[in-house]
Amino acid sequence: MSKIVVIGAGIAGLTATLRCVAAGHQVTTITKGIGGLQLGQGTMDILGYMPNRVERPLDDLAALADEHPDHPYAILNADAVRTGVNYFAELVGEDLLVGDPERNVFLPTAVGALRPTALAQPSMMAGQLSDGDSVVMVGIRQLKDFYPGLAAQNLARSTLPDGGRAAVRATYIDLPARKGEADATALTYARVMDDPTFRQLFVTAVKKVIEPGEKVGLPAMLGLKDPNSWREVAEGLGTEVFEVPLQPPSVPGMRLNQTLVDKVKNARVRWVYGSQVLGGVAENGRLTGVVAGTTGHNVTFPADAVIHAPGGFESGALELDSYNHVFERTFDLPLAGADNEELLHGNYWGEEQPLFRVGVRVDEQMRPVDADGSAVYENLHAAGGIIANANRWREKSGDGIAVASAVRAADSLSTPTTAAASGAMDSKGDN
Amino acid sequence: MTDKSYAEEQLTRATLDHCVKCTICETACPVSAVTPLFPGPKFVGPQAERFRNGLSVDHSVDYCSSCGACTLACPQGVQIAELNSQARAVMKKNHMPLRDQLVSRTTLMGTFMTPVAPIANMALDMKPVRTIVEKVVGIHRNAPMPTARTQTLAGWLKKRPKPAEPATRGPIVYFHGCAGGYFETETSKKAILVLEHLGYEVLVPKQGCCGLAQQSNGLFEGATKSVLKLCEQLRSAGKDLTIVSTSGSCAGMLKHEAHEIMGVNAEELHDVGARTREMSEFLLDLYEAGELDTNFERNDITIPYHAPCQLKSQGMGMPAIALMELIPGVSVVESGQACCGIAGTYGLKKEKYDIAQAVGAALFKMVKETNPDLAVCDTETCRWQIEASSGVKTVHPIWLIHQAYGLPDPR
């Protein structure tokens, strides 16, 4: 049993933590706050665009790797991604994620576009539309952030995966989540939808505005904790319903996050929440501990190996100063792509911004490496958004990279025990 | 110096620009989850702050309980709760309710109630008395009130026999807090006995209030005086000694709140804050260094445990869980709730009482279902709240450690 410190509690940090627990390690997870999972759509993206819409993400990884030999998917390959995605799906269970990593589904967004993703929540799956479908998008007057008219009009003019069109209309119901609240979030609704009494009121109200034979698109707020809430709504309405994810607070994202955090806590991981990691303690090229800034004093958490999953720019793990210098805040790791003269160009809608590919370059064991390709620390592994050379926003590759790198990192940890063993054989880290 | 107070011109504002409006804090807020009267930490914090030039544009920030769940949840390092505490202090500056001045004077309450403990307790148990108190002062008639003791901790320390065994590990300073000095003296006594059992010479300097209750009511001037006086008192016990506290929230005041919310920047505060350890944190550190006696008696029990908001705010995780589970047979169930609702003095106020009860409802239910006879929580007012609302006896983690070492009840 080794002492592992995981830094970060987004999709990569939580996955790495649970993978390490399963391997019998004693894990401490340190996070500055709640991770990014609940800012996402609550789905699992592997590869959505390159730049055309991708239908079979794992099949297309090889082509992506050919085009970008430094891409994380070139280092991880389709098998590693499959392993990572399946592991994650198993962790959250079939109540929360279904689908097939080999094949993308195309689901309506809140602005009525069709978004490719690999796995989605069962409550969303009826959003896979076919030619001739009749759909009604139902909004709630007191819910902000969902405009059924916008969603319906765009969706009606979108070409469906089968080449056809759906007939889509919009309507509203009037049902405050709480008395006197005129602009509630989806989260407020999701909380009251966990209560069967409110659920019944909701079903009754929606029933009045839908026509027989229509599929019903609803804002993603059909229950937060009760995984059967959406099924009861569908049964009550007597038709297929699908949830459309909204902007944060994302209820589907919160479902995934809460499920994983509960698992982490129940596994008696030392869960250090609300403190930032300031750096590490190193000896002979290995980290022996990680220093966190808790209130009052700093604490050093001893570590045989460290998995660094702090995210990228969006979480502040990478910083750009006013001299156009990018740096990695925790360990000052060498960054790939940081010496570009024009990290950000002025054309907001133009070519991709080179800044977004900046990150750490990793070896097969997900260890950050320097310009020569040697590991910066023998036992420091990286996972998720900090890894260089992906354009996650455009590719829709962030989730797949995160889970694949987290599992690979956890499976190829360089602890004093494995380091001693690898004197005899080369440990590749594939499982 | 300008004539503006720290709260009006605070440094916390600098963290404002880190806010990316991601709403993560909104999902963590236990108050906005139960009432639309509080629009949520992002709205009254980073959002409203842009419209403040000293004074808030509305009064909704008063419904913030200062539990700190938002700051803790923020992945960008925005000090949301601190911003809100400061905004509230400015808002209440010229019309501070008498009630808020009274409930925050915890030492005063202890000093007055101890000599007349039976009468005070009887009065606080009487419905008509509480109804009058609610009408006149604004403290809700059902809000939990501390039970006064006939003997203070200082009184006990003077009268008790000296420890039989000589100290083997050197001196340590014990910080008991007002409640531990006047109301929950049993917890303090057990903590002292455990520390002595572990070989420490326990120094208990005369100590006043940390000012936390005044701070959370926006009375920064009084709170600053209190906390600085306390720092001097704790320092008087000896230089560089570790200070251990069984008062989860008061430890947080010393570690970070006095500095981050009120801008106190005195050397004595930083010195004391850096040396302060919450009791379970201290004992678990000892365990991890291989220096804790783990010769515990078996105790087959499942314990509902709630880490108070102001303990979680210290960013050290929940050491009490790992500590209690070192006792063979102990299985801890964590509440998973952000706050019990009381948040210091918030839940005592007549206009906040129902909100506080709603905030704690899931916790009270979980406690009753997990073990109807015993619950554990690290802070006094939270224990009173849980006990009063769930009917389940609630103790500090040190009670279990004291019992597991087979130590005698303090006399």
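Reader: What percentage of the 411 residues in chain B is buried?

Author: This is a predicted model, in which local features need pLDDT of at least 70 and side-chain atom pairs count only at pLDDT 80 or more, while totals for chains, interfaces and linings use all residues. Residues are numbered from 1 along each chain as its sequence is written, and chains are lettered from A in the order in which they are written. A residue is buried if 20 or more other C-beta atoms, placed from the backbone, lie within 10 Å of its own. For chain B the buried share is 54%.

Reader: How many residues of chain B are in contact with chain A?

Author: Two residues are in contact if their C-beta atoms, placed from the backbone, lie within 7 Å. Chain A brings 27 residues to these contacts, and the number from chain B is 28.

Reader: Which element gives the most to the side of chain A that touches chain B?

Author: Helices (H or I, at least four residues) and strands (E, at least two) are DSSP runs, numbered from the N terminus. Helix 5 (186–193), helix 8 (251–266) and strand 11 (270–273) of chain A each give two or more residues to that side. With 4 residues, the element that gives the most is strand 11 of chain A.

Methods. Buried ≥ 20, exposed ≤ 12 C-beta atoms within 10 Å, placed from the backbone.
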